[in-house]
Amino acid sequence: MKAQNLLGKGNAKLIKTAEAFGVQIFNFSIPAGNDKLSGKITCPFAGSCFKLCYAKKGNYRFGNVQRGLSNRYEATKQENFVELMNKELSKIKKHKQTYIRIHDSGDFYSPTYFAKWLQIARFNPSIRFYAYTKSHSFIRGIELPENFDLIYSLGSTKDELINQETERHSKIFYSVDEMQQHGYTDSSYFDLLATKWHTANNKIGLIIH
């Protein structure tokens, strides 16, 4: 896969966030749940979230979108994936703060794959990388670069490991009122409000959609 095919501008929420915050956001995604072409699991710790997953709906179901996600998944398994990403990131004009949203679809499917993203972040310290993840069971204890942020997502098979008072995590709610009653910051409309750079609160809320 050519490097220039790896990143996109993301969904409507990411585009709206970039405009509102005066930054540029690119995304990198792989199939949600499993890759239809290979059958490989891409969200190994998905639990109750799978039935609600927005990445299984709408445009994500289109054949061309699925092929693109599968191609990116295949790229992650290549030995030169870090090199490919670094090459593409080097072409981005840094006239604004740049963010990479890893996985608006899919997740870190293995420790080896996660380690590749840590390498990419360390090679590109001026770029900020962030991701929601349910794969926190094999991420815990790993020191993250300053330019890398993770939001642990409730709805996995490992929810009991998350300290909901001290660890940055996200939870789905049915209304804003319910979210506020539980002390969560709403990140439903502006994606960067989930990150440490824009919200001190570790409790990140999302409205179901």
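Residues are numbered from 1 along each chain as its sequence is written, and side-chain values use heavy atoms, with hydrogens and water left out. Because the model is predicted, local features need pLDDT of at least 70 and side-chain atom pairs count only at pLDDT 80 or more, while totals for chains, interfaces and linings use all residues.

**View 1. The open sheet of seven strands.** Its order is S1-S2-S3-S4-S5-S7-S6, with parallel pairing. Strands S1 (24–28) and S6 (185–186) are the edge strands, each pairing on one side only. Strands (E, at least two residues) and helices (H or I, at least four) are DSSP runs numbered from the N terminus; two strands pair if DSSP finds at least two bridges between them.

**View 2. Strands S2 and S3, with helix H4.** S2 (residues 98–102) pairs with S3 (residues 128–133) in the parallel sense over three bridges. Arginine 128 in S3 is the bridge partner of tyrosine 99. Helix H4 (residues 111–123) lies across S1, S2, S3 and S4 (148–153), at about 145 degrees to S4. Axes are lines fitted to C-alpha atoms, for helices over the stretch in contact (heavy atoms within 4.5 Å); angles run from 0 to 180 degrees between N-to-C directions.

**View 3. Helix H3 (residues 81–90).** Seven of its 10 residues are buried, so H3 is largely enclosed by the rest of the structure. The buried residues are Phe81, Val82, Leu84, Met85, Asn86, Glu88 and Leu89. Buried means under 20% relative accessible area, exposed over 50%, partly exposed in between (1.4 Å probe, protein chains only).

**View 4. Isoleucine 92 in the loop between H3 and S2.** Isoleucine 92 is buried, with a relative accessible area of 10%. Leaving aside neighbours within four places in sequence, isoleucine 92 is in contact with Leu7, Gln24, Phe26 and Thr98. Glutamine 24 is 68 residues from isoleucine 92 in sequence and 9.7 Å away, C-alpha to C-alpha.
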